[in-house]
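Subject: Structure for you to look at

Hello,

Here is the structure I promised to hand over. Please open it and keep it beside you while you read my notes.

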Amino acid sequence: MDKSVPTPNGGTPPVDTHLSADLRTPLRPDAFALSEEEKIAGITEHFCEIMQLLGLDLTDDSLAGTPRRVAKMYVQEWFRGLSPEYRPEVRLFDNRYQYGQMLVERDITLFSCCEHHFVPIIGKAHVAYLPGEHVVGLSKLNRVVQYYARRPQVQERLTRQIAEELKQALHTDNVAVLIEADHLCVMSRGVNDTSSSTLTAEYGGAFGEDATLRAEFLRLIGK
């Protein structure tokens with residue numbers, strides 16, 4: 001696990017301050033006043049109340065541990081991207097090979113959560129950039145996607161957050177991001193449509209200006 005932004009003792013760590021205001025995930029100023037364990041304890045208590053209101057018997061062996069399991073899942077897994085403690089450190093390497101063509105990382109597993117109904121968003125992310133003097137370790141592209149995905153999200157903001165993070169980390173605007181995802185808020189409720197999917201894209205620099213380059217990116221990811 002990469003931890004490039006440690007949480008200061010007694011202080012509030014920076015939250016997406018490198019992103020423009022319209023791209024920041026909405027968080028209260030006291031978002032980090034509680035420790036991870038305190039958040040788990042509080043969510044456990046509140047989820048007990050939800051289950052009781054639903055009429056579930058929390059003395060049943062199968063249900064007794066559910067509130068804490070859900071709380072740990074929220075804090076340590078589903079929504080860990082809310083904490084800058086998990087922001088990946090994107091280390092650059094000299095481009096000694098003088099590789100100048102498009103570099104594509106496709107079919108990155110994406111698991112997020114709809115901030116409107118708190119149900120999963122499941123899909124794939126495809127990212128590309130044009131190397132200059134530096135390149136980046138491939139796994140870091142996956143980690144950037146996962147960091148921003150592991151929050152309550154809307155797909156449009158998620159796409160732009162990933163693109164902006166990569167632009168700043170790679171020191172280039174020549175970045176492309178495309179996300180295709182299924183939203184369980186569409187599939188499992190409301191219209192109950194299990195056949196549709198959502199695609200969003202962000203093209204920066206040469207990818208936005210050069211239709212041929214953009215078409216090559218889409219071809220390489222099978223679109």
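First, a term: an axis here is a line fitted to C-alpha atoms, for helices over the stretch in contact, and angles run from 0 to 180 degrees between N-to-C directions. Keep in mind that this is a predicted model.

**The helix pair**

Two packed helices are described by the angle between their axes and the distance between the axes. Start with helix α3, residues 138–149, and helix α4, residues 155–170. Their axes come within 9 Å. They cross at roughly 140 degrees. Angles over 145 degrees would count as roughly antiparallel, so α3 and α4 are oblique to each other. The crossing is right-handed.

Which residues make the contact? From α3 come Leu 141, Val 144, Val 145, Tyr 148 and Ala 149. From α4 come Leu 158, Gln 161, Ile 162, Glu 165 and Leu 166. Eight of these contact residues are nonpolar, one is polar and one is charged.

**The cavity**

Rolling a probe the size of a water molecule over the atoms shows where empty space is left. How many cavities of 30 Å³ or more does the structure hold? It holds one. The largest cavity has about 30 Å³ of space.

Its lining is Leu 23, Arg 160, Ala 163, Glu 164, Lys 167 and Glu 202. Helix α4 turns up again here: it gives the largest share of the lining, four residues. By type, the lining has two nonpolar residues, no polar ones and four charged ones.

Best wishes

Methods
Residues numbered from 1 in each chain as written. Predicted model: local features only at pLDDT ≥ 70, side-chain atom pairs only at ≥ 80, totals over all residues. Heavy atoms only, no water. Helix = DSSP H or I, 4+ residues; strand = E, 2+ residues; numbered from the N terminus. Parallel < 35°, antiparallel > 145°, perpendicular 65-115°, else oblique. Left-handed = near helix turned anticlockwise from the far one by under 90°. Contact = heavy atoms within 4.5 Å. Nonpolar A, V, L, I, M, F, W, Y, C, P; charged D, E, K, R; others polar. 1 Å grid on protein atoms, 1.4 Å probe; cavity = no way out; pocket = protein on both sides within 12 Å on 5 of 7 lines; lining within 4 Å. Points joined across faces, edges and corners; volume = space filled by probe spheres on them.
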